[in-house]
Amino acid sequence: MKGRFRTSMAWLHVWSGLVVGWVLFAIFVTGTASYYRADITRWMRPELAQAPPVAAADLPKVAERAVAYLERHASKAKTWFIGMPQPERPLLDLFWRTRPGAPPGHVLLDPRTGAEAMVRDTEGGDFLHRFHYELHIPPLWGRWIVGICAMIMLVALISGIVTHKRIFADFFTFRRDKAARRSFLDAHNVTGVLALPFHLMITYTGVVALATFYMPWGVTTAYKGDTRAFFREANWITAPRPPIGRTAPLAPLGPMIEEALATVPERLERLTVTNFGDAGATVVAMFEEPHGLAHTPTHIAFDGASGALLEIRGGDLKPAAKTISTLIGLHVAHFAEPGLRLLFFLCGVMGSAMVATGLVLWSLARLPKLDVTPSFGLRLVQALNVGSIIGLPAAVAVYFLANRLLPLGLADRGEWEIRAFFAAWIVAALIPLARPHRRAWNEMSMLVSGLCLAVVAADLAMIEAHPLRRLGEGEALFLWFDGAMLALAALFAFAARRIAQYRGPSRTDRWHEPVLAAPAERARA
Amino acid sequence: MTPAILALNLGLSFAALVALCLSLNRHHAEIFGTKPSGRRVVLLRVLGWGGLVLCLLVAGEAEGWGFGPVQWVGAVSGAGAGLVLLLSYRPRLVAPAGVAAVGLAMTAGLLLHVA
């Protein structure tokens, strides 16, 4: 019975991993990059590298400049979102929605003048971050696909733990000089086991983060479809206030911001203004969360017409809300200092490697004998493997490259960067179809390595304020980023060399049983 | 404070993992050419598990019991990844690295004590 249980779990592990593997790899890689989302965005807006940060004392004036712009350009909008200047983005980030269906408005302002900022149009790291949970398709579909993949990932993790019999004995084992299947199985096990707490945490919290999206029925029933009432009762947001229907001017924001800043020690992140021009207008100031595991930002609501403080929300969550806030907090790791952040990043890299080695293992375990033509399924998996495992890094490198090389005045420049990303990915996924499999791995790895070098070269060529061109003076972020790109280039060049040196699967080796074979067979090996 | 605590955690967990790694026949043989004696296995395992528990206690005490376990898990995963690579590429350096990690942990601990 025990043997059969493990065999069925092995089957479940292999197939659950395969069906979602390619999407999971993309989710893992973009999610891992999202730990450095703010830094990526800053690198992609090099004009801001020299901009001095905005002092807290200037914030009330800055907020009034934002409102002045919105009164002129978005007086019909129901809600204004005002992103206040942050260390990584010293700009006003204005966003508004006029009515459902109409494209939302979005503009970046210079906080010192209130005029539109002279900064290149780019989505920056936010594109990778949104791709992580929406895949750049309509959000409803994207979130469902990501969620289903995450749920299946949990199945693959648990069944993988059951299948892996020698967790402790093989804890440190990585035999890279053995047959390919042995090395890849070791790499798969080691990356999976060493960061297992992270993998379980990140997958589970990833599902939980969108739990009310996947299972809205509880909230729908208990709150008669009014999700905002639910969020309000959970203490996540301040009380929603409908418009009254009587016009009234908006009181000056400056005094409200001063009062809010005096109340909360954290950094002011965002303002929302709802029902502008109505006597029921509301201004909500949202602050960065206090240092802690839970994701519990403080919100302060003001009456827009009178400027009176209405309520302060956040921090005092009830147990259930506190639990989910902590789970989400763990997932996004806002609390992580540079050292701990690097460890989270490393765990993300190990997760990506675990998915990638698992995918390759599936195809290695099914290589046919020399004289047999590979089946269509095997060819498909092999091509998809190269297309995702090498294609995605190639696409990310091209995304960075496009940011440096596209003309600054190009209309929809940010959109073109994203088009370059997908074009590169499609090309990178098609090339392996036309090349012999191992050659494709080798050539594509070299290509990614070259692209990473090209990013560094383009950075040096296009950025006049680059520290290397100014004898070390200037923004260190460019050095860090280019250093990371050089490291990636070295990694892929190393991989390409190893693939070229590898003599190919020898048909006489003893690795012909399925990878996840019965324990007796594996013990013999 | 945090970088020193992180160094302490990484050093301590790396040393503990080296002890646990050497308590396994295969890795002991890879590094020293022989299987470990029974007494040595017991000693290494006590040291290894003791080190991991100590690391958790240090992390919890220093960072609070919210962040401590998070930092501990991260440090053990990170140290484990380093150890696996070292064991695979430079097995002869594993034992000296373990000793150096103890040194790193003690230096960081001393720094914390002074500060």
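## Before you start

The model is predicted, so local features need pLDDT of at least 70 and side-chain atom pairs count only at pLDDT 80 or more, while totals for chains, interfaces and linings use all residues. Residues are numbered from 1 along each chain as its sequence is written, and chains are lettered from A and ligands numbered from 1 in the order in which they are written.

## Chain A overall

Let's take chain A: it has 19 helices and 7 strands. (Helices, H or I with at least four residues, and strands, E with at least two, are DSSP runs numbered from the N terminus.) Its radius of gyration is 26 Å, close to the 24 Å that the globule rule gives for 525 residues, so chain A is as compact as a globular protein of that length. That radius is taken over C-alpha atoms, and the rule is 2.2 Å times the number of residues to the power 0.38.

The C-alpha trace of chain A spans about 85 × 60 × 40 Å along its principal axes. Of its 525 residues, 39% count as buried, meaning that 20 or more other C-beta atoms, placed from the backbone, lie within 10 Å of the residue's own.

## Domains of chain A

Chain A is split into domain 1 (1–45 + 122–217 + 325–367), domain 2 (52–119 + 237–316) and domain 3 (375–504); these bounds come from an automatic or database domain assignment. The centres of domains 1 and 2 of chain A, taken over C-alpha atoms, are 36 Å apart. Where these two touch, domain 1 brings 12 residues and domain 2 brings 10 residues, with contact meaning C-beta atoms, placed from the backbone, within 7 Å.

On the domain 1 side, α2 (37–44) and α12 (319–332) of chain A each supply at least two residues.

## A piece of sheet

Now for some strands in chain A. β1 (residues 79–83) and β4 (residues 268–274) pair in the antiparallel sense over 5 bridges; strands pair if DSSP finds at least two bridges between them. β4(A) also pairs antiparallel with β5 (residues 282–287) of chain A, over 6 bridges.

## Chain B

Chain B has 4 helices and 0 strands. With 115 residues, a compact globule would have a radius of gyration near 13 Å, and the 14 Å of chain B agrees. Buried residues make up 44% of chain B.

Definitions and conventions: Buried ≥ 20, exposed ≤ 12 C-beta atoms within 10 Å, placed from the backbone.
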